[in-house]
Amino acid sequence: MGEKVILTVGRIGSAQKRNEELLEAFAKIYVSLPDWTVRLVGKIEPDFMQWFKDFCLRYPRIGRQIEMTGPIFEKKQLLAEYKRAKIFALTSVFEGGTPNVVAEALYSGCYMVTSDIDAADDVIDEGRCGKKYERENIAALADILYQVCRDENLMRQGGKRALTYGKEEYDFEKIIQRLYWLLFKEVE
């Protein structure tokens, strides 16, 4: 079930997504996890590239463990990225509800690690398929990533729950039926 990959998908380097937080946390643990990789998928903000160059100067050996793909528009290829990963990391400062990447990651069986955005408990199914950390607490994120990466059983159980939870809560047919009921049946 997946490779030793921590995945994030979105507008890489945007202020909202706080990808620097993920990389700074990984920098604290990467020496202990030499077979793990962080993959950043999405359009890369120009300012982030300069930040990343400076980051790599501070951590010269980390570069081989971080991969940036750029944007992936082909849905099959994007789904393959999710299925390839064992962990999905969402380091956003805020999100408007539950982002699409959550459903895609859950459906792919990724163990979820998220900042404490408003929807965090929903993202991790109250802790059954992931963990949350306090935004901007890089040490806490590093600790969680280290614990999860070293606990194959936790990832396997959380990944199985993620698949089930994704089907229970993010199935479009169920969502459409619920919306139909809310729009048309509840008023009768």
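How much space lies in the largest pocket? About 300 Å³, with a pocket taken as an open set of points on a 1 Å grid over the protein atoms alone, with protein on both sides within 12 Å along at least five of seven lines. The volume is the space filled by probe spheres set on the points, which are joined across faces, edges and corners. The model is a predicted one, so local features need pLDDT of at least 70 and side-chain atom pairs count only at pLDDT 80 or more, while totals for chains, interfaces and linings use all residues. Residues are numbered from 1 along each chain as its sequence is written, and side-chain values use heavy atoms, with hydrogens and water left out.

The lining of the largest pocket takes in 17 residues, and Val9, Gly10, Arg11, Val41 and Val101 lie nearest its centre; a lining residue has an atom within 4 Å of a point. Two or more residues come from each of α3 (75-84) and α4 (100-107). Helices here are DSSP runs of H or I with at least four residues, strands are runs of E with at least two, and both are numbered from the N terminus. By class, the pocket lining splits into nine nonpolar, three polar and five charged residues. Ala, Val, Leu, Ile, Met, Phe, Trp, Tyr, Cys and Pro go down as nonpolar, Asp, Glu, Lys and Arg as charged, and the others, Gly among them, as polar.

The largest cavity has a volume of about 50 Å³. Its lining includes Val9, Gly10 and Arg11, along with Lys17 and Asn19, and the classes come out as three nonpolar, five polar and two charged.

As for the sheet, six strands form an open, parallel arrangement in the order β3-β2-β1-β4-β5-β6, where pairing takes at least two DSSP bridges between two strands. β3 (66-70) and β6 (130-133) sit at the edges with a single partner strand each, so one side of each has no neighbour in the sheet. Strand β2 (residues 37-41) pairs with β3 over four bridges, and Val41 stands opposite Gly70 in β3.

Most residues other than glycine have a negative phi. Glu126, in the loop between α5 (120-123) and β6, has a positive phi near 55°. Glu136, in the loop between β6 and α6 (138-149), has a positive phi of about 70°.

Note on methods: On a 1 Å grid over the protein atoms alone, a cavity is a set of points where a 1.4 Å probe fits but cannot get out, and a pocket is an open set with protein on both sides within 12 Å along at least five of seven lines; lining residues have an atom within 4 Å of a point.
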